[in-house]
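I opened this entry to note what I looked up, one topic at a time. The sequence and structure come first.

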Amino acid sequence: MAAVPDMQITCLLVAWSEGDPEALKALTPLIYDQMRLLAARHMRRESGARTLQTTGLVHEAFLRLVDQKLPHWQSRSHFFSIASNIMRRILVDEARARLAAKRGGGLEHVSIDAVQENVEGVEGPVALQVAGPPDESGTSADIVAIDCALAKLDRIDRRQAQIVELRFFGGLTVEETGQVLNISNATVKRDWMMAKAWLAREMTESGA
Amino acid sequence: MSTEDRWQRTRALFHACIELSPAEQDEFLSRECAADPGMRAEVQSLLAALASSNSFLEVPAAAADVSGESSWIGRILGAYRILSLLGAGGMGEVYRAVRADGLYPQEVAIKLIRRGLAGEFMLNRFRAEREILASLQHPHIARILDAGITDGGAPYLVMELIKGVPIDQFCESRGLTVRQRIELFLDVCGAVHFAHQHLTIHRDLKPGNILVTDDGQVKLLDFGIAKVLAAGDGAAQTQVHAMTPEYSSPEQIRNQPITTASDEYALGVLLYRMLTGRSPYRTDSADTYTLAREVCEADPPMPSAALASDSALVTRNQLRGDLDSIVLTALRKEPARRYASVQQLADDLQRHLDQRTVAARPRTWRYAAGRFVARNRALSFALAAIAVVLVAGILATEHQARIAAAERDRAQRHFDSVRQLANSFMFDLHDEIAKLPGSIKARQLLVTKALTYLDMLSRESGSDRALQVELAEAYLHVGRVQGEVGYDNLGDHKGALENFQKAIALLDRALGTDPASRPEFMTLARAYNLAAGALGALGRPQEQLEMINKGIALTQRRLQLQPDSVEVRAWVGRAYFGRAQFRGNHGDPDGALADSRTAAQTYEQVVARDSSLANRNNLAFAYSNVGENLLTKSDDASHAQAIEYLTRALNTMRSVAHDDPNNASLQRHLAVTAGELGFSLAGLGKPREGLPYLEESQPIFQRLYDSDRSNRLAQLDLADNDENTCSLYITLDPAKAVSHCQAALRILGALPSPPASDLELSAAYIEAQTVLAEAYAAAAEATPRSHRAEGWSAARRTAETVLQSAQEIVKQKPELSGQYTQFITRSRAVQSRSSQAL
């Protein structure tokens, strides 16, 4: 994919940054499609995946999709915010599909500590959840579980949930996260730790 | 504080804590949360979760390696070849596998525990625990077949592969009836109790861990695994677990010791959900903090009230009564107030299914209308039950005092070390353990160990009298744990009797030819008492009587030697009272009468020396007992005397109740005594004289009922009293009789019809209706001839209702026909009288 900025996306982003809510509605599906293509490419590039830790898909998408000459630094923040949310959806959909394929579509309860109760907002048979301190977060089950727990956190503390969405799904740094949310780095760090703790506990308790 | 405020406060505390060292955190939280332990627990739980989640979320989702998750598939682990991933959860992944050598074709599940969770300590613990887990072989427990540790250091468990659905879903999807649900639940109880007997607590019972297979077999998963995990990091894990609120017990949330009673609580929540389809709590499970508070503080609504609406399968009426009581007993906040074991919970449910009276409901006594003698026997039984409770209190105090004395002696005399060991086993450790709910199994273990020492010591005790007495005390103690009647015990009356007899043999040897002359005679008297109780429980009345007689002889001899001792005299009184009860229940009314007179005389002497409330209360019991025994005679002189004794009992109780007006059980005893006198007078053909006494008891019962409307005993008391008043009025004033009977029925029934599961209540209900039919008939006869038709048809209608219900019950429960024959006969009489009149 060539690094040709998508002018439609750029224009909509500017319009949204300037306060046009309709722009967001139009923007979301465009970014979703583009990012899914990007993500698919990354997933095929198996061994290379690990090298992308610092600059995540969100950054890459921004570089590729948005005209870098844009004057508004807010546009970048707005893009990061919407792209992180989209990234979350892509990864979760992907993970669900993977799990469903693994189970052969059938519902089978097995002797595991996987949670059996249906979690609000999750369709399909079962949300498999993962516990607090995994060595490698990122199995399909983990992703779905984190998504569910994050939805619960969102109801209690919206900003903490946003921080997790930006950092974990969007791959943003502390500084970028602070810019998007317009809060200090120290607050990002502290709330990040609390959100991590809350999610780890939430997932252990529903899973263990 | 609102939920939002609480969260902000939690957040502020958490933020502050992460800048502090663990020690400083502790101090900080102690200071900041002094008034709010719940808040402290919440913050600590978050800190613990943070500590064990180092790398969690630190690698962005998109960058993680998603292909690595199936890397175990196809590999060999121990004796097994891994086939596929079944799922992943908090502790790791679960794989489907078969034996690699093809020896057995069955598939198994292998649970691979996440390396991050397996600290060094946990691995050691895991090696020890797997032996225990592997020994848990029960048809309803998924078996642990094998266990090991991977090359990479991750522990794994090989388990029976269960294909099933969570038990609550099974109930719904199969459309089980209430009975079927309870039967399924009893299987769960059986498995949990079995594990408890093997000293394993589940700690994490919830529908997701209790599956039902296609053919309806219950299988419990993950038994004891929570413990293995908890061993990894005591504080953090317990904290994390403490925050699984919906199926957690209050003690789990408060981070207090987890016992078998905690599993029982979880079972209570499960049963609640199985019966009502909902959680006992109102809070959404996502709101952890509020839910945790609700678990600790709020009493759940009765299941019958929680049921959204009657369905074809479950109705409020089915849950009301027994099931409400049973579920709420299991869900009591204090572990000690729940059932003593899961077995007892199961027993109660079984009794409910069998339509026997359940233990979760308070026992009650009946003194309602019926044949005079039958009623009288029921009443004396009830009074005896109250007496037993009072005597038990006295005995317990005495027992404590004796233990204290034994401790002192022991310290003074420096017995050898083995003996001290045995004693510490017996007394200190046991008494500590006894405070823990559901500790019976551990106590039994202790008892067995202690008995080994004791038997050894007793062989070597030689002629050391002090040692022999001490050993006897120990044997009695063991016996009480095994099977003292009326206490939380192991139900092993035979074993208990053996040890009581050992104690008696030792004491016989130690105390010589005149045991009453020794200060230790009290130990022997207690041994006789205990042995008599055990013999009674074993259904050996002849030997029981011998034991009672020995007790009487011993205490009387002691009284000869020590005539000024009030305590010894009270012992004599109790001994005779006990024999009066025994004889009354074993077809010896004359003997019972003689003994009750002796008991009453003895208590009069006791009260003359020490007129404490307890002594006077016991005297009243003794007087009532004499009166009841006299009423079984058929001559007028005896009856007159009976009334005299019952009056004495009443006067005594009036003064006792007056001196301690706030004591509900004394108030009730007063009301019962007054009611008994009133009704006895009516039974002797003097209803007008009896009336004032029933009017005396009525407001007392009313007050007791008003102070606690959920008290079923008080409800029955009040209804009985109205019904008795009704019987009295039948000849005096039939219209009043009708209104009292209607009052009784109103009190008995917010219930539209006799509840089939509650035999006692349905008998009371039908009895009240029978009396009502008779009252209508009497009222009809008393009205002018032109207005009689209405009264007669009411009488006939009521009598027919009784006939219908009574015949229905007798058809279902033929063993109750004796009790119900009188209602049927009396209602037939009313039916034919009214038919003729109409």
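In which sense do β8(B) and strand β9 (residues 218–220) of chain B pair, and over how many bridges? I find the antiparallel sense, over 3 bridges. I note that the model I am reading is a predicted one.

I then looked at the residues of this pairing. B:V212 has B:V218 as its bridge partner in β9(B). The hairpin of β8(B) and β9(B) has 4 residues between the strands. In this hairpin I found B:G216 with a positive phi near 80°.

I next looked up strand β7 (residues 164–166) of chain B. It pairs with strand β8 (residues 210–213) of chain B, in the antiparallel sense and over 3 bridges. Opposite B:V165 I found B:V212 in β8(B).

I moved on to the helices of chain B, starting with α20 (residues 493–511) and α21 (residues 521–537). Their axes come within 9 Å and cross at roughly 155°. Because of that angle, I record α20(B) as roughly antiparallel to α21(B). The crossing of these two helices is left-handed. On the α20(B) side, I list B:H493, B:F500 and B:L511 among the residues that make the contact. On the α21(B) side, the contact residues include B:T523, B:L530 and B:A537.

I looked up helix α24 (residues 589–609) of chain B next. It has 21 residues and reaches 30 Å from its first C-alpha to its last, close to the 30 Å expected at 1.5 Å a residue. Which residues of α24(B) are buried? Among them I found B:A592, B:D595, B:Y603 and B:V607. What covers the buried residues of α24(B) includes α23 (566–585) and α25 (613–631) of chain B.

I followed α25(B) to helix α26 (residues 636–659) of chain B. The two pack at an angle of about 160°, with their axes 8 Å apart. I therefore record α25(B) as roughly antiparallel to α26(B). α25(B) passes α26(B) in a left-handed crossing.

Last, I turned to chain A. How many helices and how many strands does the secondary structure of chain A come to? I count 8 helices and 0 strands. Read along the sequence, the pattern is α-α-α-α-α-α-α-α. Chain A has 208 residues, of which 48% count as buried. I also looked up its contacts with a separation of 6 or more: residues 24 or more positions apart account for 65% of them.

Technical notes. Residues are numbered from 1 along each chain as its sequence is written. Chains are lettered from A and ligands numbered from 1 in the order in which they are written. This is a predicted model: local features need pLDDT of at least 70, side-chain atom pairs count only at pLDDT 80 or more; totals for chains, interfaces and linings use all residues. Two strands pair if DSSP finds at least two bridges between them. The expected span of a helix is 1.5 Å times one less than its number of residues. A residue is buried if 20 or more other C-beta atoms lie within 10 Å of its own, exposed if 12 or fewer, and partly exposed in between; C-beta atoms are placed from the backbone. Two residues are in contact if their C-beta atoms, placed from the backbone, lie within 7 Å. Axes are lines fitted to C-alpha atoms, for helices over the stretch in contact, and angles run from 0 to 180 degrees between N-to-C directions. Angles under 35 degrees count as roughly parallel, over 145 as roughly antiparallel, 65 to 115 as roughly perpendicular and the rest as oblique. A crossing is left-handed if the near helix is turned anticlockwise from the far one by less than a right angle, and right-handed if clockwise.
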